[in-house]
Amino acid sequence: MLLTWDLAGAVDAGGRGLERFESGGGVRACRFRVTQREREQSRSCRRRLSSAPRLRFRGAATRNHPQIRHPSIRRAGGRAGEGEEAAPGAAAAAGMVIDDPLDFEGDNDPLLSTPRPTKRKKVIGLDDLLVEFCETGKDELKASAAKAKAKGRPKGYNSDDEDKHVTEKEISFCKFVEECEEKAKALDPGEEVPQWGQQVFSCQKSPTILNCTGVENCQLLQSFCGLEHLGFDLEIEKGEGFLEGMLIDGWLLKLILLYGSVEDSIASWALTKLLYSSNKKLQDSASEFWDSLLSLNEDDKPQVNFGYFPSYSILKGALLNYGYLQDAPCTTTSTSETAVAGTSDGGPPQNITAWLRLVSACCKIRKLHPVFSPSEAEDLLVTVISLFLDRQLEGLLLILGDCLNSLVLYFSTSEWECSCLMVAESISKRVRMDLNCLRIVDCITGTNDRSKFLRSQLALQLLKNSFSLKVANVEKILKSVTSTNVKEKECNFFMLYVYLVLMDNLLFSSDAFRNKPAIIEAWRTYLRNCSTQIGCTDWRFYASKVRNKASYLLQGAISKKPAAGGGSVSAQ
């Protein structure tokens, strides 16, 4: 309960003539008896006090004490009880705002301890760093300007000085990089490993163009000359130019499909255009023409009757005219920088794509007509595999892969095992033990059993030639590979890297060695040693690649569980 106190009533008391009216054991009201002079003094004092600020009291002591009443102390909005008279300052007290807090009753108690504000760590942002950098740059510019002024140069900003300063920093940084390279070479004295790549084609020869037999004597065109419902005239008197236009427009193929057969002269002429024509449209049209001739229908029969097939001699002769290096040994010049960069004079021939498509089409009609003998197919397979080493043919990987798979599937079941061994031996003699051999193995990407077996046999023959073994025995090869001590200072980590890749393809590409747990376990142990005994700080040549490759192959070797069994394994 809020009570107010009128100081004017307190002055009136004067300590004299106080009459008390007690009620309920306490002072109920007070009345004064004063003289006229004292009344005037009281009025003048009241006027002075009315202009002064009045005190307001609010607290538990006055609020909760019901026995203290005075005419000048009233409740806000209340009235005096019986026998009470209003004090002279009661009216003024009634108009006061009694709910406002006193000055010492604010929320901020000065006696209470104020908590210290927590210190926030200053976060350095990009703007702060940029400002600091700019200020540092300004300081440097000021220092340079002071130096220029001391030397008698004109005062002001000079961009040439700043460019010179930047150039000096670049030169010092380049020197630092060169020093690091020299130190790295001192730690790694090994020579650089050349990239994979082998020159497969040299300068092309001029092809022997076969003269086209008289087109006017072609029975196919003669039979259609008298038909009036064609809607156009067959101008066969124009000769070969007319026939080329028919081939490019597709009318020649439509006439042959309508007629149901094709003469040998037309088929031979189209094959010549496919292999030797420099006209891209004519070359593609001839390729589509032969694809349609060699394709089979749903009954595994040709769509057109014909008796002329591309022979091995024609295809091999065309490849030699392209500049193919048939018996090129694996010398240093075959993997030179010119072959890797692809800037040699003898580039890839224009007709090699059509040649690959034709070989693939001939392999797919083995059931109808075996175009190649097993030995011829083996030679073509070796040729196609060697084309993977030509960097200029990287854009034809899909066509090369399709031709490779067609040749692999061309052999019969009884022919494949012996032919695969012959192909692997031939390739191992043509490829060096460097990144080229790994390129050859990786390009055999077929998922069928024959492709996996070819990849395994190729790795076996490469390892046999590398260790100069007369008989390719897996146990001897594994012993030779695992005898390499990675802790020796003179360890050839590059050759070890090649051995790891080839050995993994030998053991896990096919299922031939899955039932030899002793060999598989010995291989896993060596891979584990390579991955743990070569430290992360080993800066020797190819050491880190050997460690990473061994760790990767170890995971694959663990996931491939061999079947139960045992015994020695030989290449045969």
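# Close-up views of a predicted model

**View 1. Trp 290 and Phe 306 are both buried.** Buried here means under 20% relative accessible area, while exposed means over 50% and partly exposed lies in between, judged with a 1.4 Å probe and with protein chains only. This is a predicted model, in which local features need pLDDT of at least 70 and side-chain atom pairs count only at pLDDT 80 or more, whereas totals for chains, interfaces and linings use all residues. Residues are numbered from 1 along each chain as its sequence is written, and side-chain values use heavy atoms, with hydrogens and water left out. Rings of Phe, Tyr and Trp (for Trp, its six-membered ring) form a pair if their centres lie within 6.5 Å, and the pair is called stacked if the planes are under 30 degrees apart, edge-to-face if they are over 60, and tilted for the rest. By this rule, the count of aromatic pairs is twelve. One of them joins Trp 290 to Phe 306 edge-to-face, with 6.2 Å from centre to centre and 85° between the planes. Because Trp 290 belongs to helix α11 (residues 280-294) and Phe 306 to the loop between α11 and α12, the pair ties together parts that are 16 residues apart in sequence. Phe 306 also pairs with Phe 309, this time in a tilted arrangement with 4.8 Å between the centres and 45° between the planes. Phe 306 counts as buried because its relative accessible area is 15%, and Phe 309 is likewise buried, with a value of 18%. Together with Tyr 308, the residues Trp 290, Phe 306 and Phe 309 make up one aromatic cluster.

**View 2. The largest nonpolar core has 120 residues.** Such a core is a set of buried Ala, Val, Leu, Ile, Met, Phe, Trp, Tyr and Cys residues joined through side-chain atoms within 4.5 Å. Among the residues with the most contacts inside this core are Phe 289, Trp 290, Phe 372 and Leu 502. Helix α21 (residues 493-508) gives the most to the core, namely 14 residues. Contact means that heavy atoms lie within 4.5 Å. Leaving out residues up to four places away in sequence, Phe 372 touches Ser 311, Tyr 312, Leu 315, Cys 362, Cys 363, Ala 377, Leu 380 and Tyr 410.

**View 3. Lys 316 is placed in helix α12 (residues 312-321).** Helices (H or I, at least four residues) and strands (E, at least two) are DSSP runs, numbered from the N terminus. Lys 316 counts as buried because its relative accessible area is 7%. Its side chain makes a polar contact, at 2.9 Å, with the side chain of Asp 379. A polar contact is a pair of N or O atoms within 3.5 Å; within protein, one atom must be able to donate a hydrogen and the other to accept it, and residues adjacent in sequence count only if both atoms are side-chain atoms. Beyond residues up to four places away in sequence, Lys 316 touches Tyr 324, Gln 326, Asp 379 and Thr 383.

**View 4. The charged end of Lys 254 sits over the ring of Trp 251, 4.8 Å from its centre.** A charge sits over a ring if NZ of Lys or CZ of Arg is within 6 Å of the ring centre and within 35 degrees of the ring normal. The charged end of Arg 366 is placed over the ring of Tyr 410 in this way, 4.7 Å from the ring centre.

**View 5. Met 433 lies in the loop between α17 (413-430) and α18 (435-443).** Met 433 and Tyr 499 are 66 residues apart along the chain, and their C-alpha atoms are separated by 9.3 Å. With residues up to four places away in sequence set aside, the residues that Met 433 touches include Leu 462, Phe 494, Val 498, Tyr 499 and Leu 502.

View 6. Ser 468, in the loop between α19 (449-466) and α20 (474-482), has a phi near 55°, a positive value in a residue other than glycine. Tyr 542, in the loop between α22 (517-533) and α23 (543-559), has a positive phi of about 65°, although Tyr 542 is not a glycine. Ser 468 is exposed, with a relative accessible area of 64%, whereas Tyr 542 counts as buried at 13% relative accessibility.
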